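Take a moment with the sequence and the 3D view before reading on.

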Amino acid sequence: MDAIERFLHYVSFDTQSDEASETVPSSAKQRVLGQALAEELAKIGLSDAVLDECGYVYAFLPATKGCESIPTLGLIAHMDTSSEASDTDIKASIVDYKGGDILDSVNILVYPRINADGSYKFQRNNTYAGLNMNRGYLHMRSTEIRDVVSVYNAFRPHICMDAHEWSPDNTGE
């Protein structure tokens, strides 16, 4: 499977989260993608590829011989989609770009952390209004989310990527 086929395969999984759930992951559907990823990582030779009881996928790629002392890179990504936006019947498409330097023909929007106060306390809800900034964006009840939507509407990006927010030590400090 080439990279494009692999990408199209990944986006075909229904990973919609369940905001009412108190389990991790919040839906069994998310474990299906996690299991497929763990199996694929093992198949391509990463060691210790595993899906744990919380739905997290871990794998290890040993350093190239002679490079064992350089810093380690961790790749972290969410496998779920918002509980408020269905991901069934996704119609992904690939555009064959034949232009010049891509950076000369696109606008790049970088959003700073929109939930700084909640992130500081390592929680999804902002502290001043108790709104879930991670899942409640479609309701647009917070000033921060309304501002993000305003910028989005002004520029109308063709591609939007949400990488979520992480703190290196899982404490938010």
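Which side chain meets that of E40 in a salt bridge? The partner is R6, with 2.1 Å from N to O. Keep in mind that this is a predicted model. Side chains of opposite charge can pair when their charged atoms come close.

Now place the two partners. R6 comes out at 25%, so R6 is partly exposed. Beyond its close sequence neighbours, up to four places away, E40 touches R6 and also Y10.

How many salt bridges does a search of the whole structure find? The search gives 2. The other one joins D14 and K29, where the closest N and O atoms are 3.3 Å apart. D14 sits in the loop between α1 and α2, while K29 belongs to helix α2, so this pair ties together parts that are 15 residues apart in sequence. Both ends are partly exposed: D14 has a relative accessible area of 23%, and K29 has 32%.

Which residues of α2 are buried? They are Q30, L33, G34, L37, A38 and E40. These residues cover an arc of only 165° around the axis, which puts them on the same side of α2. A28 and K43 are on the other side, and they are exposed. What does the buried side pack against? Its residues pack against α1 (3–10), β1 (47–51) and β2 (57–60).

The backbone has a few details to find. Just after α2 comes G45, with a positive phi of about 105°. D48 also has a positive phi, about 60°, although D48 is not a glycine. Where is D48? It lies in strand β1. With a relative accessible area of 62%, D48 is over the 50% cut-off, so it counts as exposed. Then go back to the loop between α1 and α2, where P25 has its place. A cis peptide bond joins V24 and P25, with omega at about -5°.

Turn now to the rings. A search of the whole structure finds 1 aromatic pair. Its members are Y56 and Y58, whose ring centres are 6.4 Å apart. The planes make an angle of 45°, and the pair is tilted. Why tilted? Planes under 30 degrees apart count as stacked and those over 60 as edge-to-face, so 45° falls among the rest. Y56 is partly exposed at 42% relative accessibility. Y58 is partly exposed too, at 45%.

What about cysteines? The count of disulfides is 0. A disulfide needs two cysteine sulfur atoms within 2.5 Å. Among the residues to look at are C54 and C67. C54 is partly exposed, with 30% relative accessibility. C67 is partly exposed as well, with a relative accessible area of 30%.

Finally, step back to the whole protein. How many helices and strands are there? There are 4 helices and 2 strands. From the N terminus on, the order is α-α-β-β-α-α. The protein has 173 residues, and buried residues make up 20% of them. Consider the contacts with a separation of 6 or more: residues 24 or more positions apart account for 48% of these.

Definitions and conventions. Residues numbered from 1 in each chain as written. Predicted model: local features only at pLDDT ≥ 70, side-chain atom pairs only at ≥ 80, totals over all residues. Heavy atoms only, no water. Buried < 20%, exposed > 50% of the residue type's maximum accessible area, 1.4 Å probe, protein only. Arc of directions from axis to C-beta. Contact = heavy atoms within 4.5 Å. Salt bridge = Lys/Arg side-chain N within 4 Å of Asp/Glu carboxyl O. Phe/Tyr/Trp six-rings, centres within 6.5 Å; stacked < 30°, edge-to-face > 60°.
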